[in-house]
Structures are given as C-alpha cells and as structure tokens.
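Open the model in your viewer and keep the selection tool ready.

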Amino acid sequence: MIYKGKWALVTGASAGIGEAFARSLAARGANLILTARRGERLKRLAEELKEKYGVETLAIEADLSQPDAPDKIAADIAAAGGQVDLLINNAGYGLPGRYEQSSWAIHRDFIELMVTSYAHLVRIFLPGMQARRYGRIINVASLAGLTPSAAGHTMYGASKAFLISFSQALAAENADTGVNVCALCPGFTYSEFHDVNKMRDVVNRLPDYMFMKAAPVVEGALIAVEARRPIYVPGRWNKFVAWLMRALPRSWAAALVARQSHRFRSGDAPNV
Ligand SMILES: NC(=O)c1ccc[n+]([C@@H]2O[C@H](COP(=O)([O-])OP(=O)(O)OC[C@H]3O[C@@H](n4cnc5c(N)ncnc54)[C@H](OP(=O)(O)O)[C@@H]3O)[C@@H](O)[C@H]2O)c1
C-alpha cells in the first residue's frame, strides 16, 4: 500500500476518521486534497503533513450540503493541475430524533451531504480513474447501514444502507477497470461525531469494547480496498454484530435492535 505520487481526495478531513485517512495516506506517500467546511483546520493539517512527509497538499474549504460543491471542488483541483486517484468519501454527521421533528430543509441538507455528494463525487472522478486504469474509492458508510433500523435517527441508517448498496454495484461494474470500491462500515469510533450530534452523554454509557480508534479503522479500510472487498466492517465487536444481524431472521434482528437502541439512539432531536 504505497501511494507515492497518487492524489487522494478526502472529504471531511478536518476531524475524526477523515483526518486519520489523511494522516495514513500521507504516510504512504499520497498527495492530498483535503476538504471540509473548517478551512483553518484543513490548512493546518495540510501544512503539517506536507512538512512531515514531503507530499503535495491542497486544502479546499467547501460545504458538501450545497449541491454545487462537488463541481467547485473538481474545478479547484483541475485549476491546481491535480487529479483524483483515491477518493475517500467520508464527510458526515448524525441526525438524532424522529423524522417529523426535523424540518425538510434539515433533511434535504442531510441527504445532499450523506447521499448525493458521495454519488456526485464518484460520478465526477470515476471516468478519469477508469481511463488511467487505476482508482480506489472508499465510501464511509456504517454498521448502521447493515442493521435493521429502529426509532430515531431515521435517515442515518437509510443513507448508509444506500452507500453500501451503491458501493457493491460500483465494485461489480468496475471489476476489470483497475478501480477498487469499498464501503467502510465502522461501528462506534472515537471522533467528534457524537459531540456534533450531542449524543456524547448517551454513548459514554456504552462499554469501551464497543468503540474503536479512527486509525485502525482506516488501516483496515485501506487493506480492504486493496483486496477488492466491496464491504468492510472493522473490529471484532462490529464484525460480531454484523454477523449476528445476518444470521438472525430479519424480524428477530429488528426486535433485538429495537430493544437495545435506547442505549445509543435518541428518539428526540437534541440538535434541531
Ligand atoms: N464516529 C462514529 O462512531 C462513526 C460510526 C460509523 C460511521 N461513521 C461515519 O464516519 C464519517 C466520518 O465521521 P467522524 O466519526 O469522523 O465524525 P467527525 O469527527 O465529526 O468528522 C466529520 C467530518 O465531516 C465533515 N463535515 C460535516 N458536515 C460537512 C459538510 N456539510 N460539508 C463538508 N464536510 C462536512 C466535518 O468537517 P467540518 O465540520 O469542518 O465541515 C468533519 O471533518 C461519517 O460519514 C460518519 O457517518 C462514524
């Protein structure tokens, strides 16, 4: 997994799993295009990784809940003479609460970021990867996309299930194009995610073994995409949960998730 001279676009690179991807890819020699809304953080990270690993970096401040953001990012990359060999579609957040508690504007922005921007960025950069016969696409989904949904966080699991299905189809379509596609399905991961969606107090009550650090999640994902695995679940606990959800009859799995979900889901919307 040496990416010397390749260009990697990482969305949501200002924190958590995206920042861990940026660090890991830079350590492997990849030039980086980092994007998120917090431009100052991106610039600091870009400078740090450029100095430490001698890679080229480009920081692009963008809000991917805006429909024109992917085209603007692509234009900035083209203007800088760059290209995208690895696409890490990662930006995201959680939206607690029942569906009707959030306005349509909030749901629309959520779908734009969590579903549309992922698909749009793939549509922009896939043809170039195919033409060069080299590409790596990681769509950061979630274990939530592999488990039956329970009440609360209505759109989150649905958006992640989309990414898993989308990645599977893309992987199949690109089996002989040199482009490997993987849906990364982490479980609870230490990052800013649960601070942003105001669920920190709730998930703090969960046992440590249910959590992973971002770095091993990313390391496993890079191995998985090289091995052309269309779906990758990191960590023993998460693998056990994914296996259990597959092994149980769907109605039993749904009942189990419904019984446990008060431990990690909110039926109310704390952030809207
Ligand atoms: N942490 C977990 O337990 C967990 C579990 C499963 C899956 N995931 C998935 O992992 C991915 C990364 O989450 P994380 O845990 O690393 O959370 P995080 O630490 O909160 O990082 C989220 C990143 O997404 C960016 N982002 C959020 N809204 C954005 C927008 N509108 N436009 C552009 N960038 C935006 C944030 O940057 P700015 O705020 O600077 O824009 C930040 O860089 C998400 O897709 C999440 O669903 C996380």
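**Stop 1: a surface patch**

Select Tyr209, Trp237, Phe240 and Trp243: together they make a nonpolar surface patch of about 450 Å². Patches are built from residues with over 30% relative accessible area and no salt bridge; like charges are joined within 9 Å, nonpolar side chains (Val, Leu, Ile, Met, Phe, Trp, Tyr) within 5 Å. Areas come from the Shrake-Rupley method with a 1.4 Å probe, and for residues only the protein chains shown count as cover.

This is a predicted model: local features need pLDDT of at least 70, side-chain atom pairs count only at pLDDT 80 or more, and totals for chains, interfaces and linings use all residues. Residues are numbered from 1 along each chain as its sequence is written, and side-chain values use heavy atoms, with hydrogens and water left out.

Now pick Trp237 alone. Trp237 sits in helix α9, residues 236-247. Helices (H or I, at least four residues) and strands (E, at least two) are DSSP runs, numbered from the N terminus. Trp237 counts as partly exposed because its relative accessibility is 30%. The classes are buried (under 20% relative accessible area), exposed (over 50%) and partly exposed in between, with a 1.4 Å probe and protein chains only.

**Stop 2: the ligand**

Which residues come closest to the ligand? Select Ser14, Arg37, Arg38, Tyr156 and Ser191, the closest of the 33 residues that surround it. A residue is near a molecule if one of its heavy atoms lies within 4 Å of it.

Color the shell by class: 17 residues are nonpolar, 11 polar and five charged. Here Ala, Val, Leu, Ile, Met, Phe, Trp, Tyr, Cys and Pro count as nonpolar, Asp, Glu, Lys and Arg as charged, and the others, Gly among them, as polar.

Next, show the helices. α1 (16-27), α4 (104-132), α5 (154-173) and α6 (193-196) each supply at least two shell residues. The largest share, three residues, comes from α6.

Zoom in on the oxygen atoms of the ligand. A polar side-chain atom of Tyr156 lies 2.6 Å from one of the ligand's oxygen atoms. For Gly92, a backbone N or O atom lies 3.3 Å from a ligand oxygen. For Ala15, the corresponding distance from a backbone N or O atom is 3.4 Å. Taken alone, the ligand exposes 880 Å², and the protein buries 96% of that.

**Stop 3: salt bridges**

How many salt bridges are there? The count is 10, where a salt bridge is a side-chain nitrogen of Lys or Arg within 4 Å of a carboxyl oxygen of Asp or Glu.

Start with Arg28 and Glu219, whose side chains meet at 2.7 Å, N to O. This pair links distant parts of the chain, 191 residues apart: Arg28 is in the loop between α1 and β2 (31-36), Glu219 in helix α8 (residues 214-226). Arg28 is buried, at 17% relative accessibility. Glu219 is partly exposed, at 30%.

Move to Lys43 and Glu40. Their closest N and O atoms are 3.7 Å apart. Both lie in helix α2 (residues 39-53), three residues apart, about one turn of the helix. Lys43 is partly exposed at 46%, while Glu40 is exposed at 51%.

Last, select Asp85 and Arg132, a salt bridge at 3.4 Å, N to O. Asp85 is in the loop between α3 (69-79) and β4 (86-89), and Arg132 is in helix α4, 47 residues apart. Is Asp85 buried or exposed? Asp85 is buried, with a relative accessible area of 2%.

Definitions and conventions
Polar contact = N/O pair within 3.5 Å; in protein donor to acceptor, adjacent residues only side chain to side chain.
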